Amino acid sequence: MVNITADNKLKRLIVVGDRVLIKPNDPTDRTASGLYLPPTVQEKEQVQSGYVIKVGPGYPIPVPTEDEPWKETEEKVKYMPLQAQEGDVALYLQRNAIELLYEGEQYVIVPQASILMLERMEDLA
């Protein structure tokens, strides 16, 4: 599990739209029978897993039009929130992931649609 604290450098990152920032789990370099896999085989795995670090605001919702177009209104963008939350474990499709290196750490950014499943540890009392 990756801890995010108030003084953590990741608090400065802002994920936009329906994107999710994920810290991928280290791929296993060995099969269940004990054979070591070369890196090229590991990279071709289609489904990967990792911890959700940051999520974007969601899908933008269009603002309804008023009957009185002359009336000045503040255009505030509203969003439909994403299902993914910080701290979840996500299974995602590797082919839609954009890999990036930030401050020496490896991350991926995936759209919400590329996430197949989430595991959430809920400790609600």
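Arg19 is partly exposed, with 35% relative accessible area. The model is predicted. In this model, the side chain of Arg19 forms a salt bridge with Asp18. The N to O distance is 2.9 Å. Asp18 is buried, because its relative accessible area of 17% falls under the 20% limit.

The structure holds 4 salt bridges. Side chains of opposite charge can pair when their charged atoms come close. One of the bridges joins Arg12 to Glu103, with the closest N and O atoms 3.1 Å apart. This pair links distant parts of the chain, 91 residues apart. Arg12 lies in the segment before strand S1 (19-24). Glu103 lies in the loop between strand S6 (98-102) and strand S7 (105-111). Arg12 counts as exposed, because its relative accessibility of 55% is over the 50% limit.

Another bridge connects Glu105 and Lys23. Here the closest N and O atoms are 2.7 Å apart. Glu105 lies in strand S7 and Lys23 in strand S1, so the pair ties together parts that are 82 residues apart in sequence. Glu105 is partly exposed, at 30% relative accessibility. Lys23 is buried, because its relative accessible area of 18% is under 20%.

Lys23 also has an aromatic contact. The charged end of Lys23 sits over the ring of Tyr107. The distance from the charged end to the ring centre is 5.5 Å. Lys23 therefore takes part in a salt bridge with Glu105 and in a charge-over-ring contact with Tyr107, while being buried at 18% relative accessible area. Ring-to-ring contacts were also examined. A pair of aromatic rings is described by the distance of the centres and the angle of the planes. The count of aromatic pairs comes to 0.

The surface carries a nonpolar patch. Val47, Leu116 and Met117 form this patch. Together the three residues have about 290 Å² of accessible area. Val47 is placed in strand S2, which covers residues 47-55. Val47 counts as partly exposed, because its relative accessibility of 42% lies between the 20% and 50% limits.

Key:
Residues are numbered from 1 along each chain as its sequence is written. This is a predicted model: local features need pLDDT of at least 70, side-chain atom pairs count only at pLDDT 80 or more; totals for chains, interfaces and linings use all residues. Side-chain values use heavy atoms; hydrogens and water are left out. Patches are made of residues with over 30% relative accessible area and no salt bridge: like charges are joined within 9 Å, nonpolar side chains (Val, Leu, Ile, Met, Phe, Trp, Tyr) within 5 Å. Accessible areas come from the Shrake-Rupley method with a 1.4 Å probe; for residues, only the protein chains shown count as cover. Helices (H or I, at least four residues) and strands (E, at least two) are DSSP runs, numbered from the N terminus. Buried means under 20% relative accessible area, exposed over 50%, partly exposed in between (1.4 Å probe, protein chains only). Rings of Phe, Tyr and Trp (its six-membered ring) pair if their centres lie within 6.5 Å; planes under 30 degrees apart count as stacked, over 60 as edge-to-face and the rest as tilted. A charge sits over a ring if NZ of Lys or CZ of Arg is within 6 Å of the ring centre and within 35 degrees of the ring normal.
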